[in-house]
Amino acid sequence: MRCPKCGSTDCQVFVTNNVKIHSSTKGFGGGKACCGLMMLGPVGVLCGMCGAGKKKTWSEEEQKEYWICQNCGSKFTQIDVKFAPVPVRFYLDNVNEFAEYENDPVVQKFIKNYSEDWRTSVLGDVMIVRQSSDKKFLKHKDSCDEKWFESTPLLFAVEDGTGVIVTGKDIIIDTVRFAFRDISYVVIQAATIYIDTYCIRFSSSDKAEKFLEVLKIILDSDKVHYEKYASYEELLTYLQDIQDKGNTSQAAHFSSQPEYEDFVRNLTEKGLEKVKQERPQHYRNYMQAEQDEKMLRMPALAAYVIQLVFIFLIRIMFAGFWNAVFNIVIWGAILGVVLFFYDSKTGTQFEEEKGRYLPPELLTLITENKLSALQKTGSIRIAELDQYEQLSGMERLQEINDRESFRQKKINLYGLLAVAFICITVFHFLLACR
């Protein structure tokens with residue numbers, strides 16, 4: 001175990017056993033009183049006094065594990081270690097400990113070009129070249145294990161909301177780790193730099209430009225292609241033509257970036273506006289179907305939650321807390337499966353219906369637009385932009401009639417939910433009172 005304060009591994013474990021005594025006195029039973037009231041009338045309320053005043057005592061043994069550092073004396077638990085800073089060493093502060101990097105061309109190129117200009121530039125307040133607080137590198141535990149940090153010298157890190165670490169051999173972006181030899185494309189657009197398809201976002205374009213200068217010093221300019229783009233559309237064309245290297249961090253990929261999300265949203269809004277102008281009946285039917293879908297899904301979800309609350313209240317009043325928890329788990333799973341199938345069927349029916357009102361290109365945009373940032377596919381390609389703007393599929397849309405009455409569907413759903421609610425509630429009430 002490593003001490004989170006000083007980094008020493010000379011730590012001794014201690015285990016303590018604490019015994020806690022608990023006691024409780026049973027009071028008036030509301031559930032018994034209600035049951036007695038229904039069976040015996042007003043006199044039955046006295047049933048709530050059955051068992052009142054009875055005292056119950058029990059003990060609970062609690063075991064705790066902690067460590068004490070033999071170096072600095074600090075006391076810590078495993079949770080403290082989990083969120084402890086990762087110890088790092090910067091090359092310029094530990095040159096003698098990394099003799100194997102003495103002739104490394106990347107490291108020497110960095111040292112040769114490192115100067116006061118870097119520290120006083122716009123990047124100076126966020127670029128860490130010498131030893132600094134280890135807390136800045138907590139987020140990189142997913143990229144590299146602790147031993148990697150101990151054996152690898154850091155040339156510099158950037159704390160500008162970017163989470164970038166540069167070593168003598170690697171660049172780490174968020175949780176994505178690149179070896180220098182694997183970097184082939186570096187592009188910049190405004191305050192954003194992309195290494196292949198992975199994004200580094202700066203607070204200003206000046207800082208992004210300065211960071212690009214530093215990258216050019218370290219990377220072999222003959223092997224890396226650098227490009228600057230004025231518009232996001234030009235950048236996206238470039239990014240979509242780059243073959244993905246297979247890194248797994250979707251959070252840093254271009255498809256999860258706000259620019260791509262805005263790009264898809266704008267295309268979707270333009271497409272819906274075009275349908276609204278040229279096919280107003282199709283547009284009205286689509287918007288009504290969207291609203292009706294929510295109106296059929298929300299009552300089922302609300303009924304699911306309310307039903308579980310009623311089951312819990314009935315069980316805790318008549319059968320006790322743990323019985324209530326057990327039934328909540330069982331019935332939550334049973335009703336959850338029913339809700340899942342209902343929700344899936346409803347979604348499928350409405351998707352088929354909405355498919356009659358909009359061209360396929362616009363439906364593709366809407367599907368991509370509904371996905372969360374980390375789920376977006378990046379499949380809306382600039383090379384195919386014309387088909388999304390022209391919506392050629394709209395010419396193939398057939399004339400439509402008025403939609404079938406939604407009112408009857410809603411009445412049927414409410415009736416079914418009411419019957420199911422009453423049956424399940426009565427079932428649990430009878431079982432609990434038995």
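**View 1. The nonpolar surface patch and the part of helix H9 in it.** Helix H9 supplies the largest share of the nonpolar patch in this predicted model, namely nine residues. The patch covers about 1100 Å² and is made by Met298, Leu301, Val305, Ile306, Val309, Phe310, Leu313, Ile316, Met317, Phe321 and Trp322, and the elements that give two or more residues to the patch are helix H9 (280-318) and helix H10 (321-354). Phe310, one of the patch residues, is found in helix H9 and counts as partly exposed because its relative accessibility is 37%.

View 2. The side chains of Glu293 and Lys354 meet in a salt bridge with an N to O distance of 2.9 Å; since Glu293 lies in helix H9 and Lys354 in helix H10, the pair ties together parts that are 61 residues apart in sequence. Glu293 is buried, and Lys354 is buried as well. Both residues belong to a network of salt bridges that also links Glu290, Arg297, Asp343, Glu351 and Lys370. By the rule applied here, the count for the model comes to 14 salt bridges.

View 3. Arg279 has its place in the loop between helix H8 (258-278) and helix H9. With a relative accessible area of 19%, Arg279 is buried, because the cut-off for that class is under 20%. Leaving aside residues up to four places away in sequence, Arg279 touches Lys274, Met394, Glu395 and Leu397.

**View 4. The five-stranded sheet and helix H6.** Five strands form an open sheet in the order E4-E5-E6-E7-E8, and their pairing is antiparallel. Strand E4 (127-128) and strand E8 (176-179) are the edge strands, each pairing on one side only. Helix H6 (residues 205-218) packs on this sheet and touches E4, strand E5 (154-158), strand E6 (164-167) and E7, with its direction making about 160° with that of E5. Strand E7 (residues 170-173) runs antiparallel to E8 and is joined to it by four bridges, and Ile171 stands opposite Phe178 in E8.

View 5. An open sheet of four strands has the order E11-E10-E9-E12, with mixed pairing, and its edge strands, strand E11 (198-201) and strand E12 (225-228), each pair on one side only. From one strand to the next, the twist averages 20°. Helix H7 (residues 232-241) packs on the sheet, where it touches E9, strand E10 (192-195) and E12, and its direction makes about 165° with that of E9. Strand E9 (residues 185-189) pairs with E12 in the parallel sense over four bridges, and Tyr185 has His225 in E12 as its bridge partner.

View 6. Glu209 is partly exposed, at a relative accessible area of 29%, whereas Lys228 is exposed, at 56%. Asp241 forms a salt bridge with Arg381, in which the closest N and O atoms are 3.4 Å apart. That pair links distant parts of the chain, with Asp241 in helix H7 and Arg381 in the loop between helix H11 (360-370) and helix H12 (385-390), 140 residues apart. Asp241 is exposed, with a relative accessible area of 57%, while Arg381 counts as partly exposed at 26% relative accessibility.

Conventions
Residues are numbered from 1 along each chain as its sequence is written. This is a predicted model: local features need pLDDT of at least 70, side-chain atom pairs count only at pLDDT 80 or more; totals for chains, interfaces and linings use all residues. Side-chain values use heavy atoms; hydrogens and water are left out. Two strands pair if DSSP finds at least two bridges between them. Contact means heavy atoms within 4.5 Å. Axes are lines fitted to C-alpha atoms, for helices over the stretch in contact, and angles run from 0 to 180 degrees between N-to-C directions. Patches are made of residues with over 30% relative accessible area and no salt bridge: like charges are joined within 9 Å, nonpolar side chains (Val, Leu, Ile, Met, Phe, Trp, Tyr) within 5 Å. Accessible areas come from the Shrake-Rupley method with a 1.4 Å probe; for residues, only the protein chains shown count as cover. A salt bridge is a side-chain nitrogen of Lys or Arg within 4 Å of a carboxyl oxygen of Asp or Glu. Buried means under 20% relative accessible area, exposed over 50%, partly exposed in between (1.4 Å probe, protein chains only).
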